[in-house]
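Open the model in your viewer and keep the selection tool ready. This tour says what to select next and what is there.

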Amino acid sequence: GGIPEVFDDGREGRYLNLDDPRDAAEKLVSVLEDPHKWQRMSACAREAYLNRFHPGKLGRKWMHTLVGA
């Protein structure tokens with residue numbers, strides 16, 4: 001799917017395999033129990049949003065695609 005294109009596992013978030021609930025829970029708990037990891041991932045996720053998905057950035061890309069330069 002498109003999730004690998006949205007964020008990097010371990011940088012801006014974690015991929016959770018919901019077919020393996022124990023592994024998913026361990027990954028989630030590892031972030032929730034480590035404030036520094038959570039803050040770092042949160043900052044990286046915000047940066048990725050601003051650089052790739054913010055309407056000001058994405059809107060221009062969509063308009064360029066739809067109507068050209």
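**Before you start**

This is a predicted model, in which local features need pLDDT of at least 70, side-chain atom pairs count only at pLDDT 80 or more, and totals for chains, interfaces and linings use all residues. Residues are numbered from 1 along each chain as its sequence is written, and side-chain values use heavy atoms, with hydrogens and water left out.

Helices are DSSP runs (H or I, at least four residues), and strands are runs of E of at least two; both are numbered from the N terminus.

**Stop 1: helix α4**

Select residues 55–67. This is helix α4, with 13 residues. How far apart are its end C-alpha atoms? They are 17 Å apart, which agrees with the 18 Å that the helix should span at 1.5 Å a residue. The expected span is 1.5 Å times one less than the number of residues.

Go back into the helix and pick Gly59, which sits in α4. Gly59 is partly exposed because its relative accessible area is 23%. The cut-offs are these: buried is under 20% relative accessible area, exposed is over 50%, and partly exposed is in between (1.4 Å probe, protein chains only).

**Stop 2**

Select Glu12. Where is Glu12 found? It lies in the loop between α1 and α2 (21–32). Is Glu12 buried or exposed? At 13% relative accessibility, Glu12 counts as buried.

Show its contacts. A polar atom of the Glu12 side chain lies 2.6 Å from the backbone nitrogen of Asp8. The Glu12 side chain also makes a polar contact with the side chain of Arg11, at 3.5 Å. A polar contact is a pair of N or O atoms within 3.5 Å; within protein, one must be able to donate a hydrogen and the other to accept it, and residues adjacent in sequence count only if both atoms are side-chain atoms.

The side chains of Glu12 and Arg52 meet in a salt bridge (3.7 Å, N to O). This pair links distant parts of the chain: Glu12 is in the loop between α1 and α2, and Arg52 is in helix α3, 40 residues apart. Arg52 counts as partly exposed, at 30% relative accessibility. Arg11, Glu12 and Arg52 are linked in a network of salt bridges.

A salt bridge is a side-chain nitrogen of Lys or Arg within 4 Å of a carboxyl oxygen of Asp or Glu. Side chains of opposite charge can pair when their charged atoms come close.

**Stop 3**

How many salt bridges does a search of the whole structure find? It finds 4.

Select Arg14 and Asp9. Their side chains meet in a salt bridge (3.0 Å, N to O). Arg14 is partly exposed, with a relative accessible area of 29%. Asp9 is partly exposed at 35%.

Move to Asp23 and Lys27. These two form a salt bridge, with the closest N and O atoms 3.4 Å apart. Both lie in helix α2, 4 residues apart, about one turn of the helix. Asp23 is partly exposed at 26%, whereas Lys27 counts as buried at 18%.

**Stop 4: two rings**

Rings of Phe, Tyr and Trp (its six-membered ring) pair if their centres lie within 6.5 Å; planes under 30 degrees apart count as stacked, over 60 as edge-to-face and the rest as tilted. By this rule the count comes to 1 aromatic pair. Select Phe7 and Tyr15: they form a tilted pair, 4.8 Å centre to centre, with 40 degrees between the planes. Phe7 is buried, at 18% relative accessibility. Tyr15 is partly exposed, at 26%.

**Stop 5: a nonpolar patch**

Switch to a surface view. Select Ile3, Val6, Tyr49, Leu50 and Phe53. Together they form a nonpolar patch on the surface, with about 390 Å² of accessible area. Patches are made of residues with over 30% relative accessible area and no salt bridge: like charges are joined within 9 Å, nonpolar side chains (Val, Leu, Ile, Met, Phe, Trp, Tyr) within 5 Å. Accessible areas come from the Shrake-Rupley method with a 1.4 Å probe; for residues, only the protein chains shown count as cover.

Which helix gives the largest share of the patch? That is α3, with 3 residues. Helices α1 (3–6) and α3 (35–53) each supply at least two. Tyr49 is in α3, and counts as partly exposed at 34%.

**Stop 6: two long distances**

Select Pro4, in helix α1. Pro4 is exposed, with a relative accessible area of 52%.

Finish with Gly59 and Gly13. They are 46 residues apart along the chain, and their C-alpha atoms are separated by 24 Å.
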